[in-house]
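Here is a short tour of some side-chain contacts in a model. Please have a look at it first.

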Amino acid sequence: MNVITATKSGLSLIVDQLQKQKEELTAIYNNAITNGEKLNEVKTIYITLKDVDKRLNELLRIC
């Protein structure tokens, strides 16, 4: 296995993990809004979700 193949394989794993994390955070965010959670908690979840989304998009551009 050469370095490029290994790197792409590693990036694919990271992308998969970030996509799963994004799905989980989206569900948590939607539940927080539905359940009327405190604004600060919803805001924190949203910021984390946007950070994951940003990292995911950056990695997808590389792949």
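The notes below go through the model's basis, its salt bridges and its aromatic pair.

## About the model

This is a predicted model, in which local features need pLDDT of at least 70 and side-chain atom pairs count only at pLDDT 80 or more, while totals for chains, interfaces and linings use all residues. Residues are numbered from 1 along each chain as its sequence is written, and side-chain values use heavy atoms, with hydrogens and water left out.

## Salt bridges

You will find 2 salt bridges here (a side-chain nitrogen of Lys or Arg within 4 Å of a carboxyl oxygen of Asp or Glu). In one of them, Asp53 meets Lys22 at 2.7 Å, N to O. Asp53 lies in helix H2 and Lys22 in helix H1, so this pair ties together parts that are 31 residues apart in sequence. Helices are DSSP runs (H or I) of at least four residues, numbered from the N terminus. Asp53 is buried at 16% relative accessible area, whereas Lys22 is partly exposed at 28%; buried means under 20%, exposed over 50% and partly exposed in between, with a 1.4 Å probe and protein chains only.

Arg55 also forms a salt bridge, with Asp51, and their closest N and O atoms are 3.4 Å apart. These two residues sit 4 apart in helix H2, so about one helical turn separates Arg55 and Asp51. Arg55 is partly exposed at 35%, and Asp51 is partly exposed at 39%.

## The aromatic pair

The structure has 1 aromatic pair. Its partners are Tyr29 and Tyr46, tilted, with 5.5 Å centre to centre and 40 degrees between the planes. Tyr29 belongs to helix H1 (residues 3-34) and Tyr46 to helix H2, so the pair links parts 17 residues apart in sequence. Rings of Phe, Tyr and Trp (its six-membered ring) pair if their centres lie within 6.5 Å; planes under 30 degrees apart count as stacked, over 60 as edge-to-face and the rest as tilted. Tyr46 is partly exposed, at 38% relative accessible area.
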